[in-house]
Amino acid sequence: MTVVHPLGLAPGKIVAVHLNYRSRAAERGRSPAVPSYFLKPTSSLSWTGRPVVRPDRCELLAFEGEIAIVIGAAAHRVPPERALEHVAGYTAANDFGVYDFKHADLGSNLRAKGQDGFTPVGPELLTGVKPADLRLRTYVNGELVQRGDTGELLFGFDVLIADLSRLMTLDPGDIVLTGTPAGSTVVRPGDVVEVELEGAGRLRNEIVAARTPLPPWGVQPHIDAATRTAAYGSPRISQQTTKNPETDSSGTTGAGVTEVVTAGAAGAGVAEPYRMDVEVVAALKSVSTATLSAQLRKRGIDHHFIEGVRPTRPDLRMVGVARTLRYLPLREDVFAERGGGMNAQKRTVEEIRPGEVLVIEARGEHGAGTLGDILALRALRRGAAGVVTDGGLRDSPSFAGLDLPAYFAVPHAAVLGRRHVPMDSQLPVACGGVLVMPGDVLAGDAEGVVVIPPALAAEVARDAVRQEDEERFICERVGEGASVDGLYPMNQTWRAEYQRWRATR
């Protein structure tokens, strides 16, 4: 069926870049030295206002807000310095993909991203602008979820055009999708996704469920833990809640996995909650950081306790997943360029997902604040599970009124610009002498904060609960006057007594 795009677009090919924003590369944990690409069928081309259909028995439909280059003049072996002469204009695009089919075609993404309507483009073509000045924003149900500027690109538009044209001709009308920043995640039927390229309007598409069953022939939808993690955009502890297809009218597939809860208190209008298995969360919140520390040491993880920080609210427990932010030493010219407006600090706060802990590397610098009460409140409303910084905290008395666990080194009234440049986010950071990776699990109590590798979280939680149960028994016996000899640690006689004690509880 032939359709006419409102912009008159009729590309011979649609070329998409795999990774091209620093924030997305950090989120994915890899940074390519050269660009790589895949092709999308021209039948996937769509426009603003046209629904995007999530296929039957699929769950993981994800958006990717992007800037699209529309080629205006044939480009063949053009050098980078001449590449932009071949551009007709720029517009917003959304590179939709359904991760349930990621296993089908590996890197080609044919069935994952090539389905009809999976490449909305528009609504206006922006001409006569410099690519360095372009800003991209993505919204889900009115909430900002992605933010990117072309200054963050790994490979500029000129490089992409020159690179592609070395080996193939880019014809007039061809479209090049230039990559997505961090923040891509799963959307569901009823959600509305808008991609805005400043000056070119908002591309708006509603997600709807397929009305027809998926035929039984050919490859079928399939997801596993790694696929789910990739779809949601960050490492997670366990699977997202899925519903039984017999009762889920939205078309999600699943066998009714364990119910989950958010690790943080989600505010109204925030992004899809960042969920953790309810049993893991409950277990981590029920045990002390001292017990968790012992369990990590048993597994060879000795460097896990964030040193030199204290809680603003010792009564609050913290469990969440790391979203990292890095401050570098102040240099006035760099701060003038990167420190104002929606800098890395404010962008990171606006990108926090429910259940995430904001971890700020401040190099142990005590001469300035790193975060104040207003941004902390915003993080709380976004659903943050906590804040950890090895630097100063501004407005620290106000944190006593926030139901947000926060850990800091010192109170300090000065703004961050006195000592820091907010540089980047979602990269490995050092906080209190500990390496923290995006997606690490953090648990905090009145004593401090420990960092747990995600792959170990479930077993550490399980064994920590068991350890504290044993220690309660030991404490009771010591309180009754028993000697610690043979009791701590327990010998066989005491262990048998412990088993009888447990059976009566």
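A: **Strand pairing and its surroundings**

Strand β3 pairs with strand β9, which covers residues 119–126, and the two run parallel over 2 bridges. The model is a predicted one. One of the residue pairs is Ser 46 with Pro 120, the latter lying in β9. In general, strands of a sheet are held together by backbone hydrogen bonds, and the pairing can be parallel or antiparallel.

The sheet comes next. It is open, has 7 strands and mixed pairing, and reads β2-β1-β12-β6-β7-β9-β3 in order. β3 (45–46) stands at one edge and β2 (37–40) at the other, each with pairing on one side only. Helix α5, residues 157–165, lies across several of these strands: β1 (14–17), β2, β6 (65–71), β7 (87–94) and β12 (175–177). Its direction makes an angle of about 55° with β6.

β10 runs antiparallel to β11, and 6 bridges join the two. Arg 135 faces Asp 149 of β11 in this pairing. β10 and β11 make a hairpin with 2 residues between them, and Asn 141 in the turn has a positive phi of about 55°. β10 is also joined to β14 (residues 192–197), here by 5 bridges and again in the antiparallel sense. Val 140 has Val 193 of β14 as its bridge partner.

Strand β14 also contains Val 195. Is Val 195 buried or exposed? Its relative accessible area is 0%, and buried means under 20%, so Val 195 is buried. Val 195 and Leu 136 are 59 residues apart in sequence, while their C-alpha atoms are 7.4 Å apart in space. Leaving out residues up to four places away in sequence, Val 195 touches residues from several stretches of the chain, including Gly 65, Glu 66, Ala 92, Asn 94, Leu 136, Thr 138, Gly 201 and Leu 203.

β11 (143–149) leads on to a helix, as it is among the elements that cover the buried residues of α10. The others named there include β20 (318–329), β21 (356–361), α11 and β26 (420–425). α10 is mostly covered, with 7 of its 8 residues buried. Those buried residues are Ala 344, Gln 345, Arg 347, Thr 348, Val 349, Glu 350 and Glu 351.

How do α10 and α11 pack? α10 spans residues 344–351 and α11 spans residues 373–381; their axes are 8 Å apart and meet at an angle of about 25°. Angles under 35 degrees count as roughly parallel, so α10 is roughly parallel to α11. On the α10 side the contact uses Gln 345, Lys 346, Val 349 and Glu 350, and on the α11 side Leu 375, Arg 378 and Ala 379. The residues of this contact comprise 3 nonpolar, 1 polar and 3 charged.

The structure has 0 disulfides. Cys 58 has a relative accessibility of 0% and is therefore buried. Cys 475 has a relative accessible area of 55%; exposed means over 50%, so Cys 475 is exposed.

Conventions: Residues are numbered from 1 along each chain as its sequence is written. This is a predicted model: local features need pLDDT of at least 70, side-chain atom pairs count only at pLDDT 80 or more; totals for chains, interfaces and linings use all residues. Side-chain values use heavy atoms; hydrogens and water are left out. A disulfide is a pair of cysteine sulfur atoms within 2.5 Å. Buried means under 20% relative accessible area, exposed over 50%, partly exposed in between (1.4 Å probe, protein chains only). Axes are lines fitted to C-alpha atoms, for helices over the stretch in contact, and angles run from 0 to 180 degrees between N-to-C directions. Helices (H or I, at least four residues) and strands (E, at least two) are DSSP runs, numbered from the N terminus. Angles under 35 degrees count as roughly parallel, over 145 as roughly antiparallel, 65 to 115 as roughly perpendicular and the rest as oblique. Contact means heavy atoms within 4.5 Å. Ala, Val, Leu, Ile, Met, Phe, Trp, Tyr, Cys and Pro count as nonpolar, Asp, Glu, Lys and Arg as charged, and the others, Gly among them, as polar. Two strands pair if DSSP finds at least two bridges between them.
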